[in-house]
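Subject: Handover of a structure, with notes

Dear colleague,

Please find the structure below.

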Amino acid sequence: MKRETPIAVIGAGLGGATVAALLQRDGFAVRLYEQARAFERIGAGIHVSANVMKVLRHLDAEHRLSQIGIHPDSFTSRKWDTGEVLFELPLGDAGEQKYGASYITVHRNDLHAAILEKVQPGTIEFGKRLIDVKSDGAATHLIFSDGSAADAGMVIGADGVNSKVRDAVAGPSKSRFVGAVAHRAIYPSTLLGDIELRNCTKWWGPNSHILIYYIEQSRNEIYLVTSAKGEWNSEAAWEFCAREEVLRAFEGFHPEVRKVIETAQELTKWPILDINPIEKWSEGNLVLLGDAGHAMTPYMASGAAMAIEDAAVLARCLLQSDDHAAAFELYEASRMPRVRKVQKISAENSFLRYPADPAWVFGYDAVTVPLGP
Ligand SMILES: Cc1cc2nc3c(=O)[nH]c(=O)nc-3n(C[C@H](O)[C@H](O)[C@H](O)COP(=O)(O)OP(=O)(O)OC[C@H]3O[C@@H](n4cnc5c(N)ncnc54)[C@H](O)[C@@H]3O)c2cc1C
């Protein structure tokens, strides 16, 4: 595709920032429009699996992140009450050899910052909430809530689960609350005293689960994230949550889990949202990536991974195709089968509960995988 075509990326989250950085490196003209006025350090950790690390390597961001995040020796699944180990997936050196890159857990903002650092200064326009998209043949007109407007030759909708660009691609649609909430907390691990925690554990309960992991090599900070049945009647993205509420949701869990919750100083609560699968990710010169096209439950810890993989594959498709229509067709053919599979397994919440080989997820390399169906 012609490098001069002005490309607008809506949303400077994990997927939008990745695609912008990759396209700029290939010489494309990119502008990023982000609704937030600035990025805040939210209390969340994230799994950065080997498939993501390979894209970060391509972006020259792997080394920095690898030095911050912890490289867990394993991912351990345990039974909620007895603590029986259901499955232990070796990571560390063994994982790196098997999947072609390391697997780390890290603060979400450190991941975001490592990617944003690769976006050319001055590319992002903050405080630009897209409210409407109008296409007239070659150009697309973007309208923002502050009354401003911009034109683009191509638009990448990386605007997350409540995507506005998705409305223009696939018709109006709303995100769906799946009936569960995620509690989150980050706090200094010294508060736990002498307890020796494994690096990364998922505790599987009958109707809920909790993941507990470190987010830095120093193990100075511990992170917990749950999924428990709940209600959500707020317009807010998240709310503070009383510790007692979380303890109630995890009644009867192993004493180690209870202790980690009891020690949390500040807990937040987030609705778990997904979208009904949509049949197409592009229309005219608009294309979707990440949660905008396929928001899923976080039960495979792979939503951001899919957004970042999408970004790498879309950039490759644009680079090697003559026009955006051919590029979008190749992108959808390349990505849809994999993303659908991940969406389905995420919804089942079965990934790595019992012995399984996840090489198909972690071994994937979005930078080199053959493009096409
Ligand atoms: C509890 C929980 C735990 C998770 N853990 C993991 C994990 O361990 N590993 C993993 O891979 N994934 C995980 N995920 C999923 C992951 O967070 C998302 O899939 C990922 O953030 C999607 O990236 P994205 O770039 O598509 O969207 P986002 O990261 O949501 O970015 C969208 C961006 O667009 C902006 N935006 C939105 N609307 C507009 C608009 N109208 N105009 C302009 N800008 C707009 C937003 O402000 C935001 O910056 C988790 C999710 C949850 C809820």
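In these notes, contact means that heavy atoms lie within 4.5 Å. The model is a predicted one, in which local features need pLDDT of at least 70 and side-chain atom pairs count only at pLDDT 80 or more, while totals for chains, interfaces and linings use all residues. Residues are numbered from 1 along each chain as its sequence is written, and side-chain values use heavy atoms, with hydrogens and water left out.

Helices (DSSP runs of H or I, at least four residues) and strands (runs of E, at least two) are numbered from the N terminus. A residue is called buried under 20% relative accessible area, exposed over 50% and partly exposed in between, using a 1.4 Å probe and protein chains only.

His-112 belongs to helix α5, residues 108-116. Leaving aside neighbours within four places in sequence, His-112 is in contact with Ala-12, Gly-13, Leu-14 and Phe-39. The side chain of His-112 comes to 2.7 Å from the backbone oxygen of Ala-12. Is His-112 buried or exposed? His-112 is buried, because its relative accessible area is 11%.

Leu-130 is found in strand β8, residues 130-136. With a relative accessible area of 6%, Leu-130 is buried. Apart from neighbours within four places in sequence, its contacts are Ile-10, Leu-142, Ile-143, Phe-144, Lys-164 and Val-165. Leu-130 and Asp-159 are separated by 29 residues in sequence and by 8.9 Å in space, C-alpha to C-alpha.

Helix α2 (residues 50-58) is mostly covered, as seven of its nine residues are buried. The buried residues include Ala-50, Val-52 and Leu-56. After α2 comes Asp-60, with a positive phi near 65 degrees.

Two packed helices are described by the angle between their axes and the distance between the axes. Here axes are lines fitted to C-alpha atoms, for helices over the stretch in contact, and angles run from 0 to 180 degrees between N-to-C directions. Helix α10 (residues 303-320) packs against helix α11 (residues 324-348) at about 160 degrees, with the axes 8 Å apart.

Yours sincerely

Methods:
A polar contact is a pair of N or O atoms within 3.5 Å; within protein, one must be able to donate a hydrogen and the other to accept it, and residues adjacent in sequence count only if both atoms are side-chain atoms.
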